[in-house]
Amino acid sequence: MATLATQQFTLIWTHSVEKIVWQEDWQVEDDRLIAVAARVQGSGAGMEPPADARLAEGWWHYRPALPPLPRLVLSRSRFSDDYTICWDGICHELSYIVKQSDHTSITIISPCSTPLQHK
């Protein structure tokens with residue numbers, strides 16, 4: 001378990017088959033996660049950008065059509081690179097944040113139910 005003191009973060013991963021990089025920007029609002037933007041560097045089997053996506057500087061940009069979510073469930077695989085999570089200009093592999101060496105585990109990202117108190 002790990003806690004990040006942030007209201008927004010970017011999740012980055014590489015598709016295990018197509019080897020295409022995806023990025024999603026998330027924001028915490030109340031007790032939900034809101035997908036505010038996404039970018040993908042191409043398309044492939046079952047991963048085409050939506051019709052309203054726009055191409056800019058080699059990335060397809062769009063807003064994911066997702067409702068507010070109580071959590072994200074990230075399945076990790078030994079066949080692909082680890083997720084990277086970025087916040088406040090800092091980026092780390094997910095296994096560094098949650099201290100997991102097993103790249104086949106599931107990681108859940110959810111908002112904290114109690115605001116952090118800074119001392």
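Trp13 is buried in this predicted model, with a relative accessible area of 19%. That figure falls just inside the cut-off, because buried means under 20%. Trp13 pairs up with Trp22, and the two rings are stacked, sitting 5.9 Å apart centre to centre with 10° between the planes. Trp22 is buried too, at a relative accessible area of 11%. Trp13 also forms a pair with Tyr83, this one tilted: the centres are 6.0 Å apart and the planes are at 50°. Since Trp13 belongs to strand 1 (residues 8–14) and Tyr83 to the loop between strand 6 (72–75) and strand 7 (84–87), this pair ties together parts that are 70 residues apart in sequence. Tyr83 is another buried residue, with 14% relative accessible area. A search of the whole structure turns up two aromatic pairs, and ring pairs join Trp13, Trp22 and Tyr83 into a cluster.

Next come the charged residues. Over the whole structure, the search finds one salt bridge. The partners are Asp25 and Arg39, whose side chains meet at 2.8 Å, N to O.

Glu24 tells another story. This residue is found in strand 2 (residues 21–29), and although Glu24 is buried, it has no salt bridge. For Glu24, the nearest side chain of opposite charge is that of Arg39, and it is 9.4 Å away. A salt bridge calls for a nitrogen and a carboxyl oxygen within 4 Å, so at 9.4 Å Arg39 does not qualify as a partner for Glu24. What Glu24 does have is a polar contact, made by its side chain with the side chain of Trp26 at 3.1 Å. Setting aside neighbours within four places in sequence, Glu24 is in contact with Phe9, Thr10, Leu11, Trp13, Ala37 and Ala38. Trp13, one of these contacts of Glu24, is also a member of the aromatic cluster with Trp22 and Tyr83.

That leaves the cysteines. The count comes to one disulfide, formed by Cys86 and Cys91, with their sulfur atoms 2.1 Å apart. The torsion about the S-S bond of Cys86 and Cys91 is about 115°, which means that the disulfide is right-handed. Cys112, for its part, counts as partly exposed at 44% relative accessibility.

Terms used. Residues are numbered from 1 along each chain as its sequence is written. This is a predicted model: local features need pLDDT of at least 70, side-chain atom pairs count only at pLDDT 80 or more; totals for chains, interfaces and linings use all residues. Side-chain values use heavy atoms; hydrogens and water are left out. A disulfide is a pair of cysteine sulfur atoms within 2.5 Å. Buried means under 20% relative accessible area, exposed over 50%, partly exposed in between (1.4 Å probe, protein chains only). Helices (H or I, at least four residues) and strands (E, at least two) are DSSP runs, numbered from the N terminus. Lys and Arg count as positive and Asp and Glu as negative; His and the chain ends are not counted. A polar contact is a pair of N or O atoms within 3.5 Å; within protein, one must be able to donate a hydrogen and the other to accept it, and residues adjacent in sequence count only if both atoms are side-chain atoms. Contact means heavy atoms within 4.5 Å. Rings of Phe, Tyr and Trp (its six-membered ring) pair if their centres lie within 6.5 Å; planes under 30 degrees apart count as stacked, over 60 as edge-to-face and the rest as tilted.
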